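Below is a short report on one protein chain.

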Amino acid sequence: SSRRLVLGYHAIPVLQQAHEDGTGDPELLAKAFLNRGLAYIDLGKPGPAEQDMHRCIALATAIPVPRLVAKGEGNLGAIAQLVGDVPSALRYHAQVERTFRNTAPGLAARAKIDQARALLTAGLADEAARQLDQALPVLRNLRISQDLAEAELSRAAAALLQGNLDLAQELASSAQRRFTKRGSTSWAEVAALTRMQADASAGMTGQRR
């Protein structure tokens, strides 16, 4: 994140000057704002992140590049969730999902994962489960391994809240295997913790597998 932020600070003034001179590539500048905004999100700085996403969206709308607009809006959803504004997060993610529904099924499914996470933050496990149950078959067909593993992990979390401990154990284990295979160590650890939570809950309620 720090490296991406440094690159953004160096690249954006050059790209912006070229854009103002009429010799630059506005799409490249929009992507630079998008990437710097993502770095701010990773660093937990929602204010600067939101500013960069709005700049990205404005440029991408003017070009126009709808996919880039939608990516910026999806990140505004992530920022809204970061500051606890779940209704705004859900609104942005739903808007992005509609944009991609007919043109990019994998990205539409990705937006459903993001919606589900926001719903889980609000404790709305049943609604999150519905979103993920729609996304999982698409991701399995497309074989998008990282997104599929993230969807399984979120669905396991929803199942845990719903008291469906068998499903929580099954999906957390599957997600852990996928993350491990990809070398996504941090994600694999989260999946392992989710499986442990499901195991502990099953032990306390006598629902041992």
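## Helix 8 against helix 10

Helix 8 makes a left-handed crossing as it passes helix 10. A crossing is left-handed if the near helix is turned anticlockwise from the far one by less than a right angle, and right-handed if clockwise. The axes of helix 8 and helix 10 (residues 185–205) come within 10 Å, and they cross at roughly 25°. Axes here are lines fitted to C-alpha atoms, for helices over the stretch in contact, with angles from 0 to 180 degrees between N-to-C directions. Helix 8 and helix 10 are therefore roughly parallel to each other. Angles under 35 degrees count as roughly parallel, over 145 as roughly antiparallel, 65 to 115 as roughly perpendicular and the rest as oblique.

From helix 8, Gln146, Glu150, Leu153, Ala156, Ala157 and Leu160 take part in the contact; from helix 10, Trp187, Val190, Ala191, Thr194, Gln197, Ala198 and Ser201 do. Contact means heavy atoms within 4.5 Å. The classes in the contact of helix 8 with helix 10 are 8 nonpolar, 4 polar and 1 charged residues. Ala, Val, Leu, Ile, Met, Phe, Trp, Tyr, Cys and Pro count as nonpolar, Asp, Glu, Lys and Arg as charged, and the others, Gly among them, as polar.

## Model and overall build

This is a predicted model, in which local features need pLDDT of at least 70 and side-chain atom pairs count only at pLDDT 80 or more, while totals for chains, interfaces and linings use all residues. Residues are numbered from 1 along each chain as its sequence is written, and side-chain values use heavy atoms, with hydrogens and water left out.

The chain has 10 helices and 0 strands. Helices (H or I, at least four residues) and strands (E, at least two) are DSSP runs, numbered from the N terminus. The C-alpha trace spans about 70 × 35 × 30 Å along its principal axes.

Start with helix 5 and helix 6. Their axes come within 8 Å and cross at roughly 165°. That makes helix 5 roughly antiparallel to helix 6. The crossing of helix 5 and helix 6 is left-handed. By class, their contact has 12 nonpolar, 3 polar and 3 charged residues. Among the residues that meet are Leu90, His93 and Phe100 in helix 5, and Leu107, Asp114 and Thr121 in helix 6.

Next come helix 6 and helix 7 (residues 125–142), whose axes come within 8 Å and cross at roughly 155°. That makes helix 6 roughly antiparallel to helix 7. The crossing of helix 6 and helix 7 is left-handed. The contact of helix 6 with helix 7 divides into 13 nonpolar, 4 polar and 2 charged residues.

## The largest pocket

The largest pocket has a volume of about 680 Å³. Of its 23 lining residues, Leu38, Asn75, Ala78, Arg110 and Asp114 are the closest to its centre. On a 1 Å grid over the protein atoms alone, a pocket is an open set of points with protein on both sides within 12 Å along at least five of seven lines, and lining residues have an atom within 4 Å of a point. Grid points are joined across faces, edges and corners, and a volume is the space filled by probe spheres set on the points.

Helix 2 (26–42), helix 4 (66–82), helix 5 (86–100), helix 6 (105–121) and helix 8 (145–162) each supply at least two lining residues. Helix 4 gives the largest share, 7 residues. By class, the lining has 11 nonpolar, 4 polar and 8 charged residues.

## Two loop details

The peptide bond from isoleucine 63 to proline 64 is cis, with omega near -5°. Proline 64 lies in the loop between helix 3 (46–62) and helix 4.

Arginine 143 is in the loop between helix 7 and helix 8. Phi of arginine 143 is near 55°, a positive value in a residue other than glycine.

Technical notes:
1 Å grid on protein atoms, 1.4 Å probe; cavity = no way out; pocket = protein on both sides within 12 Å on 5 of 7 lines; lining within 4 Å.
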